[in-house]
Amino acid sequence: MEGTVNNFLDFARPPELNLQSADIVRILEATVNLIAPKARSQNIAIQKQLHDFPLELKIDKEQMRQVFLNIMLNAIEAMPNGGTLKIDAAKNEDKKSNKVLEINIRDTGTGITPEIKNKITEPFFTTKAEGTGLGLFIASRIVKMHKGSLDIDSQSGKGTTVTLRIPVV
């Protein structure tokens, strides 16, 4: 209940960024450790591949943790019969040749139909019986506040990849 109320409050008034230098990979790994028991209980294997690290970025640690948590929990929920959650991160360049940290979170779950894909980052859109429809919306907004991007690639029945690109300054 508290989480739902906090999601609504974050939607109503987005929190300001508390930027500080932090190792984003440590935050990513801590989030993986947090969701690992839930993944194991659902017969989901977690594979990590992290390159060029540690990497200090100016980020809001708590908000980035929330982004990773929202995306990973969605991935776990998309694999009710087990599967694999793959997480990789590497330095890369965006379309404008700016240096970015690219994080891919892939699942082998049910995937997203094309009709739904365009709506999943809209506020209050959910396909879950008990979802608020704010998780991906809030994640997307936080990444944009960090001047990054969040892209979703999915095929129904084949899984989903969420790609985060965060500027390396």
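Which strands does helix α2 (residues 24-41) lie across? The points below answer this and describe the surrounding elements.

1. Basis. This is a predicted model, in which local features need pLDDT of at least 70 and side-chain atom pairs count only at pLDDT 80 or more, while totals for chains, interfaces and linings use all residues. Residues are numbered from 1 along each chain as its sequence is written, and side-chain values use heavy atoms, with hydrogens and water left out.

2. The sheet. Five strands form an open sheet in the order β2-β4-β5-β7-β6, with mixed pairing; strands are DSSP runs (E, at least two residues) and helices likewise (H or I, at least four), numbered from the N terminus. Two strands pair if DSSP finds at least two bridges between them. β2 (44-50) and β6 are the edge strands, each pairing on one side only. From one strand to the next, the twist averages 15°.

3. Helices on the sheet. Helix α2 lies across β2, β4 (83-93), β5 (99-107) and β7, and runs at about 170° to β2. Angles run from 0 to 180 degrees between N-to-C directions, and axes are lines fitted to C-alpha atoms, for helices over the stretch in contact. α5 also packs on the sheet, where it touches β6 and β7, its direction making about 140° with that of β6.

4. α2 with α3. The axes of these two helices come within 9 Å and cross at roughly 35°. The contact (heavy atoms within 4.5 Å) involves residues including Ile27, Leu28 and Ile35 of α2 and Met64, Phe68 and Met72 of α3. By class, it has 13 nonpolar, 1 polar and 3 charged residues.

5. α3 with α5. Helix α3 (residues 61-77) and helix α5 (residues 135-145) have axes that come within 9 Å and cross at roughly 145°. Among the residues that meet are Val67 and Ile71 in α3, and Ile138 and Ile142 in α5. This contact has 9 nonpolar, 4 polar and no charged residues.

6. β6 and β7. These strands pair in the antiparallel sense over 7 bridges. Ser149 stands opposite Arg165 in β7.

7. A pocket. Ser149 and Arg165 are also among the residues that line the second largest pocket, as are Asp94, Lys147 and Pro167. β6 (149-155) and β7 (159-167) are the elements that give two or more residues to this lining. By class, the lining has 2 nonpolar, 3 polar and 5 charged residues. A pocket is an open set of points on a 1 Å grid over the protein atoms alone, where a 1.4 Å probe fits, with protein on both sides within 12 Å along at least five of seven lines; lining residues have an atom within 4 Å of a point.

Definitions and conventions: Nonpolar A, V, L, I, M, F, W, Y, C, P; charged D, E, K, R; others polar.
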